[in-house]
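Hi,

Here's the structure I said I'd pass along.

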Amino acid sequence: MSVATGAPVRRQGPPGLGTLQDLSRPGRRASGFPALDVPEVAIPAEQARRAAAALPEVAERDLVSHFTRLSQLNYGVDTGVYPLGSCSMKYNPKMAEAAAAMPGFARLHPLQPDQTVQGILELLWRLERALCEITGMSRATLQPPAGACGELTGLLIMRRHHMQRGDPRKKIVVPDAAHGTNPASVRLAGYEAMHIPTDERGLVDVPALEKLVDEDVAGLMLTNPNTLGLFERQIERITEIVHGVGGLVYYDGANLNAILGRCRPGDMGFDIVHINTHKTFATPHGGGGPGAGPVGVTEPLVPYLPVPVVERDEGTGGFRLETDRPLSIGRMHGFHGNVGILVRAFAYVFLHGRDGLKEVAECAVLNANYLAELVKGAFPLAYPQARPMHEFVSTAAPLRDRTGIRAMDVAKRVIDLGFHPSTVYFPLVVEEALMIEPTETETKEALDAFAQALLQAAGEAQTEPETLHEAPVTTPVRRLDEARAARHLKLRW
Ligand SMILES: Cc1ncc(COP(=O)(O)O)c(C=O)c1O
């Protein structure tokens with residue numbers, strides 16, 4: 001049996017202690033309240049509980065060790081390489097955490113009068129200006145709490161634009177390799193999704209797009225680099241085709257980190273852009289949120305942005321909230337969205353500055369290409385004609401044909417070797433896909449170790465396939481039915 005190459009993996013869970021409910025003993029407490037220094041007031045009977053809440057009763061010591069043990073079973077961005085392609089799980093710099101924890105930010109209340117929160121309003125305004133500069137847009141909203149909500153926001157803006165022109169349209173074009181949130185957002189916004197095929201180079205099939213679009217097309221959604229990690233070289237022609245029929249072009253900013261400071265979606269002809277701050281600016285986004293998915297738009301679409309909008313009073317230099325925007329699509333989230341995340345994004349952008357952000361993109365691309373080269377013997381690129389950018393899609397199909405070992409087996413085996421696996425089976429257009437995004441933060445040594453784990457798994461596929469079939473063996477749970485878990489959510493213990 002070969003040696004593990006990554007971070008230590010626990011072989012089992014906390015020994016038999018169970019949930020906090022199992023640890024509960026009547027009368028144990030982890031906290032207490034000081035004696036009342038105001039007159040006691042009885043809770044009105046109709047608002048009082050009829051029975052005590054069934055909360056676990058545990059001592060602080062039990063509580064802390066319970067959660068600490070659970071956290072040790074986890075593998076997070078602080079543990080090591082987290083190479084999920086498309087999902088981009090970047091290391092979150094501690095400097096940004098420290099900024100967000102400053103009491104002047106952390107203790108604000110969203111209902112405070114504008115005059116008392118000038119600092120945060122200025123930060124949001126400056127962040128908006130920076131995001132517009134980075135993307136080539138005119139104005140932006142910081143409200144959406146994730147990329148997927150940014151997509152919906154952008155599509156509702158698109159819809160409002162067409163309605164205002166008295167030209168409601170029905171269809172949105174999305175590539176067949178698109179992330180699942182794209183067609184889902186299309187449906188939520190009341191449109192019908194039409195798929196455009198990927199050509200043999202892994203790029204949008206431009207002649208097919210020319211044939212597909214007509215005057216019922218409200219717009220096109222696209223990432224660039226696309227979900228195969230490849231730069232759409234004909235992007236200007238693509239945006240021109242859609243504009244030619246009166247449609248708008250939406251930039252899914254999931255992959256913006258590959259082109260930061262080098263080129264801008266606005267200059268490629270995009271009209272609406274979302275940014276996933278966790279992918280581009282390294283903010284936390286574990287477990288689905290809270291996150292931020294700011295949306296930028298070109299000048300003609302500014303009136304439709306969600307309210308409130310932070311405006312600077314040129315006379316006084318002060319900041320105020322503007323809600324009186326009759327054409328606005330309304331609110332996509334309470335107040336300004338997840339402000340703590342936006343503070344982190346601000347810290348990241350301004351710490352790096354223009355040159356630093358460009359370097360982030362260059363390192364992300366360099367790291368992905370380095371890793372792709374290391375593993376391509378065992379896992380060849382799915383579309384080898386073009387160089388990948390910040391992520392690459394390899395295929396385990398040749399390995400499967402030789403040994404019967406599939407992408408999922410490889411993913412499970414790298415868990416035993418101490419790593420979080422890459423994304424598998426996405427994009428759907430690639431057979432046995434392994435989609436790998438190392439991000440810019442990993443060192444050469446970390447990339448070498450991850451490549452070694454992948455190559456070790458490929459080697460074992462020939463010599464000891466049962467090791468891969470059985471993996472993972474080092475985790476508290478083995479192979480879960482992930483599709484069932486996603487479809488039948490059971491969030492209560
Ligand atoms: C290409 C692409 N678009 C959209 C999204 C959705 O972003 P979020 O997870 O912030 O909702 C993702 C998420 O991974 C993505 O990869």
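Leaving aside residues up to four places away in sequence, which residues does Val 410 touch? Keep in mind that this is a predicted model. With those sequence neighbours not counted, Val 410 touches Ala 396, Ile 405, Leu 434, Leu 454, Ala 457 and Leu 468.

Val 410 also turns up in the largest nonpolar core, which has 123 residues. Along with Ile 272, Leu 342 and Leu 454, Val 410 is among those with the most contacts inside that core. Helix H12 (residues 339–375) gives the most to this core, putting in 18 residues. Both domain 1 (96–350) and domain 2 (354–487) supply at least three residues each to the core.

In general, most peptide bonds are trans, and most residues other than glycine have a negative phi. Here are some exceptions to look at:

- Asn 224 to Pro 225 is a cis peptide bond, omega near 0 degrees; Pro 225 sits in the loop between strand S4 (217–222) and helix H9 (235–244).
- Val 307 to Pro 308 is cis too, with omega near 0 degrees, and Pro 308 is in the loop between strand S7 (295–297) and strand S8 (309–312).
- Ser 88 has a positive phi, near 40 degrees, in the loop between helix H2 (60–73) and helix H3 (94–101). Ser 88 is buried, because 25 other C-beta atoms lie within 10 Å.
- Thr 439 has a positive phi, near 70 degrees, in the loop between strand S12 (433–436) and helix H15 (444–463). Thr 439 has 24 C-beta neighbours inside 10 Å, so Thr 439 counts as buried.

Cheers

Methods: Residues numbered from 1 in each chain as written. Predicted model: local features only at pLDDT ≥ 70, side-chain atom pairs only at ≥ 80, totals over all residues. Core = buried A, V, L, I, M, F, W, Y, C linked by C-beta atoms within 7 Å. Buried ≥ 20, exposed ≤ 12 C-beta atoms within 10 Å, placed from the backbone. Helix = DSSP H or I, 4+ residues; strand = E, 2+ residues; numbered from the N terminus. Domains from an automatic or database assignment. Contact = placed C-beta atoms within 7 Å.
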